Amino acid sequence: HLDNETQGGLVCNLQQNGRLNSYVVDKFGGKLLQHPNSNIVFAECEPLPKYQALKEMAVNVTEKIPYAHLVSLDLAMNDKGEWKLIEINLEFQTIRFAQYAGNPFFGEFTDEVIEYCS
């Protein structure tokens, strides 16, 4: 199991309703419609289990990190169905994943971020 796309992992955008994007990308931006090992078709996947708990955990973790303007989290569900924090990234994040999925990196906050940076 890989959580790092540079080491061969795959990246998938997560929709607001907890569903996976209909495709994933590799580190070169290559698009796959199904998983290369399991052949699971991403467009047919059910929403992530306990999606609300995932969102709450992400908010709880990031609220405890003062002075960070951008926080990226690696989270995974264990075999007991509990979301667990794997890694907190405070630098070297990339906008590639959002762009590969056709979404603006800051989404609805894009204008606010542009104003802040100006």
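Me: Is Leu85 buried, partly exposed or exposed?
Reply: This is a predicted model, where local features need pLDDT of at least 70 and side-chain atom pairs count only at pLDDT 80 or more, while totals for chains, interfaces and linings use all residues. Residues are numbered from 1 along each chain as its sequence is written, and side-chain values use heavy atoms, with hydrogens and water left out. Buried means under 20% relative accessible area, exposed means over 50%, and partly exposed lies in between (1.4 Å probe, protein chains only). Leu85 has 35% relative accessibility, so the class is partly exposed.

Me: Which strand holds Leu85?
Reply: Strands are DSSP runs of E with at least two residues, numbered from the N terminus. The run of residues 83-89 includes Leu85, and this run is strand 4.

Me: What accessible area do Leu85, Ile88 and Leu90 have together?
Reply: These residues form a nonpolar patch on the surface. Patch members have over 30% relative accessible area and no salt bridge, and nonpolar side chains (Val, Leu, Ile, Met, Phe, Trp, Tyr) are joined within 5 Å. Areas come from the Shrake-Rupley method with a 1.4 Å probe. Together, Leu85, Ile88 and Leu90 have about 240 Å².

Me: Which residue forms a salt bridge with Glu82?
Reply: A salt bridge needs a side-chain nitrogen of Lys or Arg within 4 Å of a carboxyl oxygen of Asp or Glu. The whole structure has one. Glu82 is partly exposed at 36%, and its closest N and O contact, 3.8 Å apart, is with Lys84.

Me: What is the angle between the ring planes of Phe105 and Phe106?
Reply: Rings of Phe, Tyr and Trp (its six-membered ring) pair if their centres lie within 6.5 Å; planes under 30 degrees apart are stacked, over 60 edge-to-face, and the rest tilted. The structure holds one aromatic pair. Phe105 and Phe106 are edge-to-face, 4.7 Å centre to centre, and the angle is 80 degrees.

Me: Over which ring does the charged end of Lys31 sit?
Reply: A charge sits over a ring if NZ of Lys or CZ of Arg is within 6 Å of the ring centre and within 35 degrees of the ring normal. For Lys31, the centre is 4.2 Å away, and the ring is that of Tyr23.

Me: Which cysteine has the sulfur nearest to that of Cys45?
Reply: A disulfide needs two cysteine sulfur atoms within 2.5 Å. The whole structure has zero disulfides. For Cys45, the nearest cysteine sulfur is 7.9 Å away and belongs to Cys12.

Notes. Patch = residues over 30% accessible without salt bridge, like charges linked within 9 Å, V, L, I, M, F, W, Y side chains within 5 Å. Helix = DSSP H or I, 4+ residues; strand = E, 2+ residues; numbered from the N terminus.
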